[in-house]
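Colleague: I have the model open and would like to go through it with you. Can we start with the charged side chains?

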Amino acid sequence: MNPTIERLKLIFLGVFGLAVVGVVVWTMGWAIPGKKCAEARKWWDPGERVCAQPVLISDITGRTIQDKQAEAAARAAIGRPAPQAAPASKQP
């Protein structure tokens, strides 16, 4: 067979192999972890490949959300349950 065709065949097989490896690395390193992070209702940073826990501004500033519906919506948006009410203590 023509050596040029053999060389081209090997080049195309090499490029195809590198493309397959690239797709596998991207899938295992970015796509699957990003999907798992999104399912856990967290923030995925593809540049750093970090799955971060969202934080409410009220947790940072210490100011509480006055509107209970808005607080419930904010907690639901980040996947955090509503705080449990403290049980009333019995006074004798």
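Modeller: Lys 68 and Glu 71 lie three residues apart in helix H3 (residues 68–77), so about one helical turn separates them. Helices here are DSSP runs of H or I with at least four residues, strands are runs of E with at least two, and both are numbered from the N terminus. This is a predicted model: local features need pLDDT of at least 70, side-chain atom pairs count only at pLDDT 80 or more, and totals for chains, interfaces and linings use all residues. Residues are numbered from 1 along each chain as its sequence is written, and side-chain values use heavy atoms, with hydrogens and water left out.

Colleague: What do the side chains of Lys 68 and Glu 71 meet in?

Modeller: A salt bridge, at 3.6 Å from N to O. The term means a side-chain nitrogen of Lys or Arg within 4 Å of a carboxyl oxygen of Asp or Glu.

Colleague: Is Glu 71 buried or exposed?

Modeller: Glu 71 is buried, with a relative accessible area of 17%. Buried means under 20%, exposed over 50%, and partly exposed in between (1.4 Å probe, protein chains only). Lys 68 has 60%, so that residue counts as exposed.

Colleague: Which side chain does Arg 75 meet in a salt bridge?

Modeller: That of Glu 71, at 3.4 Å from N to O. Shared partners join Lys 68, Glu 71 and Arg 75 into one network. Arg 75 is buried, at 13% relative accessible area.

Colleague: How many salt bridges are found in the whole structure?

Modeller: Three. One of them pairs Glu 6 with Lys 9, at 3.3 Å from N to O. Glu 6 and Lys 9 are three residues apart in helix H1, so they too are separated by about one helical turn.

Colleague: New topic. Where is the kink in H1 centred?

Modeller: On Thr 27, and the kink is about 40°. The bend at a residue is the angle between axes fitted to the seven residues ending there and the seven starting there.

Colleague: And disulfides, how many does a search of the whole structure find?

Modeller: One. Cys 37 and Cys 51 form it, with their sulfur atoms 2.1 Å apart; a disulfide needs a pair of cysteine sulfur atoms within 2.5 Å. The pair links distant parts of the chain, with Cys 37 in helix H1 and Cys 51 in strand E2 (residues 50–52), 14 residues apart.

Colleague: How accessible are the two cysteines?

Modeller: Cys 37 is buried, with a relative accessible area of 3%, whereas Cys 51 is partly exposed, with 36%.
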